[in-house]
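Please look at the sequence and structure first.

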Amino acid sequence: MSSHYDVLILGAGMAGLSCARRLQDAGKKVLVLEKARGLGGRMACRRTEKGAWDHGAQYFTASDRDFAAQVAAWQQSGSVADWQGKIQAWDGQRFSTPSATQRWVGVPGMNAPLRALADGIEILFDVKIAGLEAIDGGWQVLAGEQSWQASQVVLSTPAEQVGPLLPAGHALATLAASCQMEPCWALLIHSARPIALPFDGLFINQGPLSWLARNSSKLGRGSEENWVAHASPEWSRQHLELTPDKACAMLSRAFGDLFHDMPVDGLPVFKLLQMSAHRWRFASGALPVADLPYALSNDGLALAGDWLAGGKVEGAYRSGSALAAALLA
Ligand SMILES: Cc1cc2nc3c(=O)[nH]c(=O)nc-3n(C[C@H](O)[C@H](O)[C@H](O)COP(=O)(O)OP(=O)(O)OC[C@H]3O[C@@H](n4cnc5c(N)ncnc54)[C@H](O)[C@@H]3O)c2cc1C
């Protein structure tokens, strides 16, 4: 079976969906193909009977004017809110307060603004694209027995997932190969009792962990006492191939050790905690900022993604949106 579109977009993360939204609003026939079961990419949420966790992106900032206008619209419609949590930094000896910045979160989960962007857009989930073939007047995108055709294809996957999809030696594959991405192991923690730590988000500047956040301090998460810890890029790289169970065991110990020298009461009771680990193989990384936050070749292929625009959620939005404008121009 084969279907024809104006633009096929691979990936339903912030870059792919901001691109799709703008193209479809301008009248293009667009299809988004996503390998996961839901949208969000690195802004996805994990839900279980113990509540929910934002296990990827924790919050985002909005310094770009267009993105700030979009965030204001999402705030108006209730899919985004200001994170009022108390944010601290810990260097192993003392707390400090990071410089003030407005931190935005999706409501009720980080992927909420993506749901807003995706409204009315045709998306197929559980479709892992295996490759692309040049055809007369465009491209054929292949996944198992299925294929789709378009004159334009946008790849919005993390840089390291671009190369295997493109014809060998393609200039866009060479560009993507020049961007190295770092992994991140995430620890998802559920406590049967409230944990009375004096912060809601903590930057950690020593040891295996680099970040800890109280998920329930973000609007709309419910009352479950759920926390997320992220391992540092160094630790995650060194322990990349652990099984989730082994990573969970090691990070649980690191979580316990974190509090040894911390001047806090209300430490978590470990037997009342349940934990699991998730690996983000391609969590972060970006090329040096260039004039254009996307890459476009004249054969109908284009790249968008955070890694082309400084990394982060805001960069992903800027990349996808600017690419759509270029394709429409
Ligand atoms: C642990 C972690 C913490 C982070 N913290 C923050 C933070 O606090 N603030 C911030 O601003 N940013 C943060 N980020 C980064 C932020 O999440 C990303 O910058 C942003 O979400 C990237 O969006 P994207 O659309 O470029 O890529 P992605 O979100 O990665 O989307 C790419 C999509 O492509 C899909 N895909 C890949 N290969 C295929 C294929 N072959 N076929 C079909 N689909 C495919 C993927 O499943 C994915 O859905 C964090 C990321 C991680 C992992």
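Predicted model: local features only at pLDDT ≥ 70, side-chain atom pairs only at ≥ 80, totals over all residues.

Residues are numbered from 1 along each chain as its sequence is written, and side-chain values use heavy atoms, without hydrogens and water.

**Nonpolar cores**
- The largest nonpolar core holds 39 residues. Such a core is a set of buried Ala, Val, Leu, Ile, Met, Phe, Trp, Tyr and Cys residues joined through side-chain atoms within 4.5 Å; buried means under 20% relative accessible area with a 1.4 Å probe, protein chains only.
- Ile9, Met14, Leu17, Val32 and Phe60 have the most contacts inside this core.
- Elements giving it at least two residues each include S1 (2-10), H1 (14-25), H2 (65-77) and H7 (312-328). Helices (H or I, at least four residues) and strands (E, at least two) are DSSP runs, numbered from the N terminus.
- H1 supplies the largest share, 6 residues.
- A second, separate core has 31 residues, among them Val153, Leu165, Phe282 and Trp307.

**Around Met14**
- Beyond its neighbours within four places in sequence, Met14 contacts Met43, Trp74, Leu114, Leu117, Val313, Ala316 and Tyr317. Contact means heavy atoms within 4.5 Å.

**H2 against H7**
- Phe67, Gln70 and Trp74 of H2 meet Val313, Glu314 and Tyr317 of H7.
- The two helices pack at about 105°, axes 10 Å apart. Axes are lines fitted to C-alpha atoms over the stretch in contact, and angles run from 0 to 180 degrees between N-to-C directions.
- H2 and H7 are therefore roughly perpendicular (65 to 115 degrees).

How values were computed: Buried < 20%, exposed > 50% of the residue type's maximum accessible area, 1.4 Å probe, protein only. Parallel < 35°, antiparallel > 145°, perpendicular 65-115°, else oblique.
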